[in-house]
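Please work through each task before reading its solution.

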Amino acid sequence: MTRPASPTWSIAQIAEEFGVTHRAVRHYEELGLISPERRGTARVYHRRDRTRLNLILRGKRLGFPLEEIRKIVDMYDEQPGEAGQLTYLLDQIDDRRLELERRRKDIEDSLTELDDLERRCREDLRRLG
């Protein structure tokens, strides 16, 4: 009895599923972040590539630089494997959260300054009649 073949995807299917361009998928391949099988000139993506692409895009959405994403994704295949990857990722999440909280405070401070400036401008306009 033969085992059913694991599912594969074309570059068009992968790009459409993740809402990215073919060029973006090829870029991640050029960087070595994904490594599809080559059948002639066609790229054949396996479950591993799909999982890695999902992690790459999630990392980008969260603001991680590609080199950090590479480190996190590559850790899955190295010792100490998934546990090491998850521990490292938790540290990175803490760092990213702190950065975003600093940005949020900067934005809130800027909005407060704008509110104050707007209030003063309106008062000055009323005084000028």
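Helices (H or I, at least four residues) and strands (E, at least two) are DSSP runs, numbered from the N terminus. The model is predicted: local features need pLDDT of at least 70, side-chain atom pairs count only at pLDDT 80 or more, and totals for chains, interfaces and linings use all residues. Residues are numbered from 1 along each chain as its sequence is written, and side-chain values use heavy atoms, with hydrogens and water left out.

**Exercise 1.** Determine which element gives the largest share of the lining of the largest pocket.

*Solution.* Step 1: the lining consists of L55, R58, G59, L62, F64, I69, I72, V73, Q85, L86, L89 and I93. Step 2: two or more of the lining residues come from each of α3 (47-61), α4 (66-75) and α5. Step 3: the largest share, 4 residues, belongs to α5.

**Exercise 2.** Characterise the salt bridge between R43 and E29.

*Solution.* Step 1: a salt bridge requires a side-chain nitrogen of Lys or Arg within 4 Å of a carboxyl oxygen of Asp or Glu. Step 2: the closest N and O atoms of R43 and E29 are 2.4 Å apart. Step 3: R43 belongs to strand β2 (residues 42-44) and E29 to helix α2 (residues 22-30), so the pair ties together parts that are 14 residues apart in sequence. Step 4: buried means under 20% relative accessible area, exposed over 50%, and partly exposed in between (1.4 Å probe, protein chains only). E29, at 19%, is buried, while R43, at 21%, is partly exposed.

Definitions and conventions
1 Å grid on protein atoms, 1.4 Å probe; cavity = no way out; pocket = protein on both sides within 12 Å on 5 of 7 lines; lining within 4 Å.
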